Structures are given as C-alpha cells and as structure tokens.
Amino acid sequence: IVNVWYSVNGERLGTYNGHTGAVWCVDADWDTRHVLTGSADNSCRLWDCETGKQLALVKTSSAVRTCGFDFGGNIIMFSTDKQMGYQCFVSFFDLRDPSQIENNEPYMKIPCSDSKITSAVWGPLGEFIIAGHESGELNQFSAKSGEQLSNIKEHTKQINDIQTSRDMTMFITASKDNTAKLFDCTSLEHLKTFRTERPVNSAALSPIFDHVVLGGGQEAMDVTTTSTRIGKFEARFFHLAFEEEFGRVKGHFGPINSVAFHPDGKSYSSGGEDGYVRIHYFDPQYFEFEFEA
C-alpha cells in the first residue's frame with residue numbers, strides 16, 4: 001500500500017489502495033497532481049494524488065521495477081523485470097492519448113536483453129532516460145526514437161538507485177559495489193566517487209549544498225547473522241567536491257533502502273528494512289557552517 005504523510009509532523013494523510021504485491025517505485029509529477037506506482041503484481045498504476053482514486057492501470061508481463069514522469073508530466077516510462085521467461089522492457093506512454101492506456105499499447109517499447117534495468121530516471125527536458133543495470137552499466141535511451149545514445153560501465157556490480165541533482169545537470173548512482181558515483185547527465189562523464197565498506201542502496205544530492213547522503217548496509221538476508229553495532233546502518237554524509245565523509249546519522253536497525261532530501265534542503269528522510277521512515281531536520285549550525293565555509 002502506498003501512503004502519503006505530512007513530512008512536517010508525520011501525520012498520515014491517506015493511502016492508495018489497489019496493488020497486491022510489493023511496490024518497487026513511486027513518482028509524482030511536477031505539480032503533484034498525479035502519482036505513478038509500479039509493483040511486483042505486474043502492474044503500473046496512475047492515481048489522483050489528492051483523492052487517491054485510481055486513474056489508469058497498465059498490466060505487464062512481469063514486475064515493474066522503475067517508473068517516472070517526464071519533465072512536463074505528460075509522458076510516463078516504466079521498466080519491467082527479466083523473469084518468468086519475459087525479458088526486460090522499458091515502455092513509454094503519452095498520457096495525452098487515452099487510447100494508449102486503454103489498449104495497453106505504449107507508443108514505444110525498448111527491449112533490454114543483456115542485463116535487466118534496476119533503476120531509471122528521466123534526463124533533463126525529458127529528451128532521454130538514464131538507466132542503471134544489474135551488470136553495473138549505465139545507458140541513455142532516447143525518449144523519441146528509443147535508440148541507445150550512450151553506454152558506460154563504471155560500477156562493477158548492480159546499480160540500486162539513481163537520483164538527479166535539482167537542476168538536472170548531474171546524477172548520482174548507488175551500487176552494490178560499495179560505492180556511489182556522480183555523473184554528468186548529458187555526457188555520462190564520471191565526476192566523483194564516494195566509497196564505503198557496505199553495499200550502497202540509495203544516494204541523494206542536497207538541493208542547496210555540495211553534500212551527498214548515502215544509505216545502505218549489508219544485504220537484508222545477512223542482517224540476522226551480525227549485531228546491529230557491526231551492521232553499519234548509518235546514513236553517511238559526504239562532501240560533493242572533496243569526496244570526504246563528514247558525518248553519520250545513526251537510528252535504523254536494518255539496512256537503509258532509500259534516502260531523499262526535502263526540496264528545501266533543510267531535512268532528509270531515510271526508509272529502512274526495519275519498517276521505519278525517519279525524517280531528520282538539520283541543526284541551525286549546519287547552515288551556518290556551510291555558508292562560512
């Protein structure tokens with residue numbers, strides 16, 4: 001079940017009821033009118049953000065792993081898993097054409113036979129998508145022609161998460177190879193690397209400072225075999241330019257699956273395997289220190 005909460009006081013506003021399997025991805029459009037969700041129940045659903053009403057249902061052959069609205073909120077993309085004899089596909093639907101959803105006919109479908117897509121985001125201006133693969137590869141796919149624009153392999157293991165900077169010029173990847181890496185959105189040039197001792201499940205870029213937060217920990221299935229003290233379930237803060245770690249925040253007693261900054265940069269949230277979403281507000285000194293520096 002997908003939930004909506006007030007980030008200010010933790011009050012739950014409502015739920016989007018409909019999925020019958022694990023929900024792997026959620027995205028809201030730019031003005032928060034619509035919400036897109038993808039699930040292991042082989043469906044991608046579009047919801048009215050305010051009322052919780054389901055507006056559209058797209059059935060797929062396998063689990064939906066990633067989904068997202070483009071810059072204007074008119075085009076949606078989602079990728080499906082390589083499982084049960086079906087290969088991985090990225091599908092594009094134009095919401096301005098209701099027949100595409102009704103007939104379950106995307107205007108474009110890109111097959112990815114080599115390695116399944118584990119995370120994907122739209123690039124600047126919605127011209128292409130950036131996809132991270134199980135193999136550690138990164139691709140750009142054109143949203144108009146579907147052709148592969150570029151391909152690089154900087155990670156040695158699966159890419160778990162991709163998040164863009166506020167101005168969409170850069171993006172950060174989180175990988176099972178214990179690193180997070182910063183890239184240029186357009187050229188895919190590798191800019192920075194942030195190293196840890198554990199798999200990184202999620203990484204986010206601060207909208208106001210040159211800061212990065214990483215979340216991760218050991219594999220969820222290994223957690224019971226070690227004490228929480230060794231598990232290293234802290235959120236870790238790095239400086240974007242100097243690649244140096246300058247802070248850790250404890251709290252979770254399981255691996256962190258996702259991290260995100262508030263759009264105003266004054267707080268961040270982390271969601272963990274322990275079943276909690278924790279919202280942390282930065283101290284006033286955090287802002288003073290940064291401006292002096």
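**Entry 1: S39**

I looked up S39 and noted it as buried, because its relative accessibility is 0%. Here buried means under 20% relative accessible area, exposed over 50% and partly exposed in between, with a 1.4 Å probe and protein chains only. Before going on, I reminded myself that this is a predicted model, where local features need pLDDT of at least 70, side-chain atom pairs count only at pLDDT 80 or more, and totals for chains, interfaces and linings use all residues. Residues are numbered from 1 along each chain as its sequence is written, and side-chain values use heavy atoms, with hydrogens and water left out.

S39 sits in strand β4 (residues 34-39). Helices (H or I, at least four residues) and strands (E, at least two) are DSSP runs, numbered from the N terminus. I found a polar atom of the S39 side chain 3.0 Å from the backbone oxygen of A22, and one 3.0 Å from the backbone nitrogen of D41. Leaving out residues up to four places away in sequence, S39 touches H19, G21, A22, V23, W24, A63 and V64; contact means heavy atoms within 4.5 Å.

**Entry 2: R45**

Is R45 buried or exposed? R45 has a relative accessible area of 12%, so I logged it as buried. Its place is in strand β5 (residues 43-48). The R45 side chain makes a polar contact of 3.3 Å with that of H19 and one of 3.0 Å with that of S43. A polar contact is a pair of N or O atoms within 3.5 Å; within protein, one must be able to donate a hydrogen and the other to accept it, and residues adjacent in sequence count only if both atoms are side-chain atoms. Beyond four places in sequence, the contacts of R45 include V35, L36, Q54 and L57.

V8 lies in the loop between β1 (2-5) and β2 (12-16), and I put it down as exposed because its relative accessibility is 68%. The C-alpha atoms of V8 and S267 are 9.8 Å apart, although 259 residues separate them along the chain.

That took me to β23 (residues 256-261) and β24 (residues 267-272), which pair in the antiparallel sense over five bridges. Two strands pair if DSSP finds at least two bridges between them. A260 stands opposite S269 in β24. The hairpin has five residues between the strands, and G265 takes a positive phi near 75° there.

**Entry 3: cavities**

How many cavities of 30 Å³ or more does a search of the whole structure find? I got two. On a 1 Å grid over the protein atoms alone, a cavity is a set of points where a 1.4 Å probe fits but cannot get out, and lining residues have an atom within 4 Å of a point. Grid points are joined across faces, edges and corners, and a volume is the space filled by probe spheres set on the points.

The largest cavity has a volume of about 80 Å³. Among its lining residues are T196, R198, L214, K232 and E234, and strand β20 (residues 211-216) gives the largest share, three residues.

The second largest cavity holds about 30 Å³. Its lining includes F233, I256, Y268, S270 and H280, with β24 and β25 (277-281) each supplying at least two residues.

Definitions and conventions. On a 1 Å grid over the protein atoms alone, a cavity is a set of points where a 1.4 Å probe fits but cannot get out, and a pocket is an open set with protein on both sides within 12 Å along at least five of seven lines; lining residues have an atom within 4 Å of a point.
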